[in-house]
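This note is intended for a colleague meeting the structure for the first time.

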Amino acid sequence: MLTEELHTAARTLGETLHTSDVVQKYLSALADCKADPEAAALEAAQGIIVDQKEKLH
Amino acid sequence: MDVQPVISPPITQPQTAEVLGTARALGERLSQTPEYRAFMGALKAVNSDLTAKKLYAEMRAHQNALQRGCDADGQHAAELNRLELEMEDLPLVKEYRQPEKEVSLLFRAVDEVISKAAGIPFAPNAKRSGCGYGG
């Protein structure tokens, strides 16, 4: 569905975001959170909330 | 005592500028797609239709009443429902729904690519809070 040009532009944005400090900090915090049983439960619950919001939109 | 002026750090860091630059490039490409152009054309047509404007204004009045909790007898909810149906029945609104669906599919496909490359779900994290109708 996506043209090659659009796909490349979207992938470039994703890769730029991935290497940014803010996303790296987020991914690092997420990894720490997943390693902590209590925090992992909270993170899982937030994931469910995001899924539910997606269904509503 | 001499007071030295405080020099604020630049608001836009180089890294942020790079992200914004790639985002802008993607936005420009998206704005050139047939799906986006068709959607914007249909949206403009709906937004400049007098009947749609009138219905929208009436809907807002009922929505405001509902948000204030002024609907003990359910009349505002019923009227809002009736107006929504009337709005959906307008030929221009019917014509708007197809390009709306197509541009949404396009944006979702783009979101999947961004999210996969970024390593985090992009769209859910990019949402602004609040809600609105056509805002």
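What percentage of the 135 residues of chain B count as buried?

1. Burial in the two chains. The share in chain B is 10% of its 135 residues. In chain A, which has 57 residues, buried residues make up 11%. Both values come from a predicted model, and the points below should be read with that in mind.

2. Secondary structure. Chain A contains three helices and zero strands, and its pattern along the sequence is α-α-α. Chain B has six helices and, again, zero strands; from the N terminus its elements run α-α-α-α-α-α. Among the contacts in chain B that join residues at least 6 apart in sequence, 61% link residues at least 24 apart.

3. Confidence. The model as a whole scores ipTM 0.74 and pTM 0.74. Chain B has an average pLDDT of 88, with 85% of the residues scoring at least 70. Within chain B, residues 6–11 have a pLDDT below 50, and this stretch makes zero contacts in the model beyond near neighbours in sequence. For chain A the average pLDDT is 81, and 74% of the residues score at least 70. Confidence in chain A is highest in α1(A), at 96, and lowest in helix α3 (residues 37–56), at a mean of 66.

4. The interface. How many residues of each chain take part in the contact between chain B and chain A? There are 20 residues of chain B in contact with 22 residues of chain A. On the chain B side, α1 (14–31) and α5 each supply at least two of the residues that touch chain A. By class, that side of chain B consists of twelve nonpolar, five polar and three charged residues.

5. The helix pair across the interface. Two packed helices are described by the angle between their axes and the distance between the axes. Helix α1 (residues 4–19) of chain A packs against α5(B) at an angle of about 35°, and their axes are 7 Å apart. The crossing of α1(A) past α5(B) is right-handed. From α1(A), the residues involved include Leu6(A), Ala10(A), Leu13(A), Gly14(A) and Leu17(A), while α5(B) contributes, among them, Val110(B), Val113(B), Ile114(B) and Ser115(B). The contact of these two helices comprises nine nonpolar, four polar and three charged residues.

6. The nonpolar core. Which residues make up the largest nonpolar core? This core has ten residues in all: Ala9(A), Ala10(A), Leu13(A) and Leu17(A) from chain A, and Leu26(B), Val110(B), Val113(B), Ile114(B), Ala118(B) and Phe122(B) from chain B. The elements giving two or more residues to the core are α1 of chain A and α5 of chain B. As general background, nonpolar side chains in soluble globular proteins tend to be buried together.

7. Ile114(B) and Ser115(B). Ile114(B), a member of the largest nonpolar core, is in contact with Ala10(A), Leu13(A), Gly14(A) and Phe122(B), leaving aside its neighbours within four places in sequence. Ser115(B) lies in helix α5 of chain B. With the same exclusion of neighbours within four places, Ser115(B) is in contact with Gly14(A), Ile120(B), Pro121(B) and Phe122(B). Is Ser115(B) buried or partly exposed? Ser115(B) counts as partly exposed because 18 C-beta neighbours lie inside 10 Å, whereas a buried residue needs 20 or more. The C-alpha atoms of Ser115(B) and Leu50(B), 65 residues apart along the chain, are separated by 40 Å.

8. Two further positions in α5 of chain B. Glu95(B) lies in helix α5 (residues 91–118), and Phe107(B) is found in helix α5 as well. Glu95(B) has 15 other C-beta atoms within 10 Å and is therefore partly exposed. Phe107(B) is likewise partly exposed, with 15 other C-beta atoms within 10 Å. Glu95(B) and Ala45(B) are 50 residues apart in sequence, and their C-alpha atoms are 9.6 Å apart in space. For Phe107(B) and Gln15(B), the separation is 92 residues in sequence and 25 Å in space, C-alpha to C-alpha.

Definitions and conventions: Residues numbered from 1 in each chain as written. Chains lettered and ligands numbered in written order. Predicted model: local features only at pLDDT ≥ 70, side-chain atom pairs only at ≥ 80, totals over all residues. Helix = DSSP H or I, 4+ residues; strand = E, 2+ residues; numbered from the N terminus. Buried ≥ 20, exposed ≤ 12 C-beta atoms within 10 Å, placed from the backbone. Contact = placed C-beta atoms within 7 Å. Nonpolar A, V, L, I, M, F, W, Y, C, P; charged D, E, K, R; others polar. Axes fitted to C-alpha atoms, helices over the stretch in contact; angles between N-to-C directions. Left-handed = near helix turned anticlockwise from the far one by under 90°. Core = buried A, V, L, I, M, F, W, Y, C linked by C-beta atoms within 7 Å. pLDDT = per-residue confidence, 0-100.
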